[in-house]
Amino acid sequence: MKIFLQVFLVGFFVFGSSSVSDARSIFDWWDGVTGPGCNSNATNIDKEIENCNVMMGIKLHKDQSSPANNRGILWRKKGHLDKAVRDFGIALKKHSNSHQSLFERGKTLMMMGRYKSAIRNFSELLRWTKIYKDGGFYHRGLCYEKLRMFKQAQKDLQSAYHFDLKFKKQSIEKMKIY
């Protein structure tokens, strides 16, 4: 149904409306009724990847970084880490201060064993925002640990400990090593 409506909206925009804002208004209304068409928490990953492709293709969604970010998370869930990193990069090009995309790309790079690249992502994230500081410090600390840079790892894990209860237990366990 959602894909049908999106195709209808494209037709509406191309043939029946004089402005992009008319089509976007309908698209935003439909998202409010049905929820986003590109959901990174979906159980049917292949279907949601296709929904993300549709949303990115018709370019009626206000923030094109969101479908790219969500598709990156979905690719990562499927184990396609290179595709995930690519999509997080697309999201960052569309919306340069997409904190979530930077965080997710860092986690994916870490999963790939690209610790230096992940550290750069987490460091950039930590300069930008307070929202992801706990996770940024924690994951950057894990990257430092993998690179055997134990002083930096301990410092970041202590910072993660102070920012959020979510990482306190994991940080305490890791700090015991040092």
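Helix H6 has these buried residues: His99, Ser101, Leu102, Phe103, Glu104, Gly106, Thr108, Leu109 and Met110. Buried means under 20% relative accessible area, exposed means over 50%, and partly exposed lies in between, with a 1.4 Å probe and protein chains only. The model is predicted, so local features need pLDDT of at least 70, side-chain atom pairs count only at pLDDT 80 or more, and totals for chains, interfaces and linings use all residues. Residues are numbered from 1 along each chain as its sequence is written, and side-chain values use heavy atoms, with hydrogens and water left out.

Now the whole protein. It holds ten helices and zero strands. Helices (H or I, at least four residues) and strands (E, at least two) are DSSP runs, numbered from the N terminus. Of the 178 residues, 47% count as buried. Contact means heavy atoms within 4.5 Å. Take the contacts between residues at least 6 apart in sequence: 48% of them join residues at least 24 apart.

Back to H6. Its 13 residues should span 18 Å at 1.5 Å a residue, and the end C-alpha atoms are 19 Å apart, which agrees. The expected span is 1.5 Å times one less than the number of residues. Just after H6, Gly113 takes a positive phi of about 85°.

Next comes packing. Two packed helices are described by the angle between their axes and the distance between the axes. Axes are lines fitted to C-alpha atoms, for helices over the stretch in contact, and angles run from 0 to 180 degrees between N-to-C directions. The axes of H6 (residues 99-111) and H8 (residues 133-146) come within 11 Å and cross at roughly 20°. That makes H6 roughly parallel to H8. Angles under 35 degrees count as roughly parallel, over 145 as roughly antiparallel, 65 to 115 as roughly perpendicular and the rest as oblique. H6 passes H8 in a left-handed crossing. A crossing is left-handed if the near helix is turned anticlockwise from the far one by less than a right angle, and right-handed if clockwise. Phe103, Lys107 and Met110 of H6 make the contact with Gly135, Gly136, His139, Leu142 and Cys143 of H8. These residues divide into four nonpolar, three polar and one charged. Ala, Val, Leu, Ile, Met, Phe, Trp, Tyr, Cys and Pro count as nonpolar, Asp, Glu, Lys and Arg as charged, and the others, Gly among them, as polar.

H8 also packs against H9 (residues 150-163): the axes come within 8 Å and cross at roughly 160°. H8 is therefore roughly antiparallel to H9. This crossing is left-handed too. Among the contact residues are Phe137, Tyr138 and Tyr144 of H8 and Ala153, Leu157 and Phe163 of H9. By class, the contact has eight nonpolar, three polar and five charged residues.

Arg148 sits in the loop between H8 and H9. Its phi is near 65°, a positive value in a residue other than glycine. Most residues other than glycine have a negative phi. Arg148 is exposed, with a relative accessible area of 64%.

Two more residues complete the tour. His162 lies in H9 and is exposed, at 63% relative accessible area. His162 and Asp134 are 28 residues apart in sequence and 8.1 Å apart in space, C-alpha to C-alpha. Asp87 lies in helix H5 (residues 81-94). At 0% relative accessibility, Asp87 counts as buried. Leaving aside residues up to four places away in sequence, Asp87 touches Ala68, Arg71, Gly72 and Trp75.
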